[in-house]
Amino acid sequence: MPEVKILKDICKGCGLCCDNVCPENILIISADTINSNGYHPAMVTDQEKCKGCGFCYMICPEPAIEVYK
Ligand code: SF4
Ligand code: SF4
């Protein structure tokens, strides 16, 4: 099963991965979470829907997303 992992303490909360990049629309900015650098990180809403396409990984300006196929 493909899996996407957000490294929440590296994420800068820019939202690029959440902006119509994911074909399954499973990435959002977590309004309820603040990471160790003070940013609201991205989170995965439904891991089982991830197709492992890597689009989120490619657009992220930080090394904050890992995708496993
Ligand atoms: S790997 Fe593809 S399907 Fe999975 S979260 Fe990233 S953009 Fe969405
Ligand atoms: S693109 Fe990267 S840094 Fe920006 S919100 Fe997504 S995971 Fe965080």
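The model is predicted, so local features need pLDDT of at least 70 and side-chain atom pairs count only at pLDDT 80 or more, while totals for chains, interfaces and linings use all residues. Residues are numbered from 1 along each chain as its sequence is written, and chains are lettered from A and ligands numbered from 1 in the order in which they are written.

The chain contains 1 helix and 4 strands, where helices (H or I, at least four residues) and strands (E, at least two) are DSSP runs numbered from the N terminus. Their order from the N terminus is β-β-β-α-β. The chain is as compact as a globular protein of its length, because its radius of gyration of 11 Å is close to the 11 Å that the globule rule gives for 69 residues. The radius of gyration is taken over C-alpha atoms, and the globule rule is 2.2 Å times the number of residues to the power 0.38. Along the principal axes, the C-alpha atoms fill a box of roughly 30 × 20 × 20 Å.

Of the 69 residues, 22% count as buried. A residue is buried if 20 or more other C-beta atoms lie within 10 Å of its own, exposed if 12 or fewer, and partly exposed in between, with C-beta atoms placed from the backbone. Two residues are in contact if their C-beta atoms, placed in that way, lie within 7 Å. Among contacts between residues at least 6 apart in sequence, 67% join residues at least 24 apart.

Strand 1 covers residues 3-6 and has V4 and I6 on a covered face, with E3 and K5 on an uncovered one. In a regular strand the side chains alternate between the two faces of the sheet. Strand 1 pairs with strand 4 (residues 65-68) in the antiparallel sense over 4 bridges; two strands pair if DSSP finds at least two bridges between them. Within this pairing, I65 of strand 4 is the bridge partner of I6.

Both I6 and I65 also belong to the largest nonpolar core, which has 13 residues; together with C17, L27 and C56 they touch the most other members. A nonpolar core is a set of buried Ala, Val, Leu, Ile, Met, Phe, Trp, Tyr and Cys residues joined through C-beta atoms within 7 Å. Strand 1 and strand 3 (42-44) are the elements that give two or more residues to this core. Residues up to four places away in sequence aside, I65 touches V4, I6, C17, C56, Y57 and C60.

Ligand 1 has 15 residues around it, of which V4, C22, C50, C53 and C56 come nearest. A residue is near a molecule or strand if its C-beta atom, placed from the backbone, lies within 6 Å of it. The shell of ligand 1 divides into 11 nonpolar, 2 polar and 2 charged residues. In this division Ala, Val, Leu, Ile, Met, Phe, Trp, Tyr, Cys and Pro count as nonpolar, Asp, Glu, Lys and Arg as charged, and the others, Gly among them, as polar. Ligand 2 is surrounded by 15 residues, the closest being C11, C14, L16, C17 and C60. Its shell holds 11 nonpolar, 2 polar and 2 charged residues.

Y57 is located in helix 1 (residues 55-59). This residue is partly exposed because 17 other C-beta atoms lie within 10 Å. Beyond its neighbours within four places in sequence, Y57 is in contact with I65 and V67.

Several loop residues were also examined. In the loop between strand 1 and strand 2 lies N20, which has a positive phi of about 60° although it is not a glycine. N20 has 7 other C-beta atoms within 10 Å and is therefore exposed. N25 is found in the loop between strand 1 and strand 2, and its phi is positive, near 55°. With 12 C-beta neighbours inside 10 Å, N25 counts as exposed.

N35 lies in the loop between strand 2 (27-29) and strand 3. Its 18 C-beta neighbours inside 10 Å make N35 partly exposed. Not counting residues up to four places away in sequence, N35 touches K8, D9, C11 and P41. The loop between strand 3 and helix 1 holds T45, an exposed residue with 12 C-beta neighbours inside 10 Å. T45 touches I26 and I28, again leaving out residues up to four places away in sequence.
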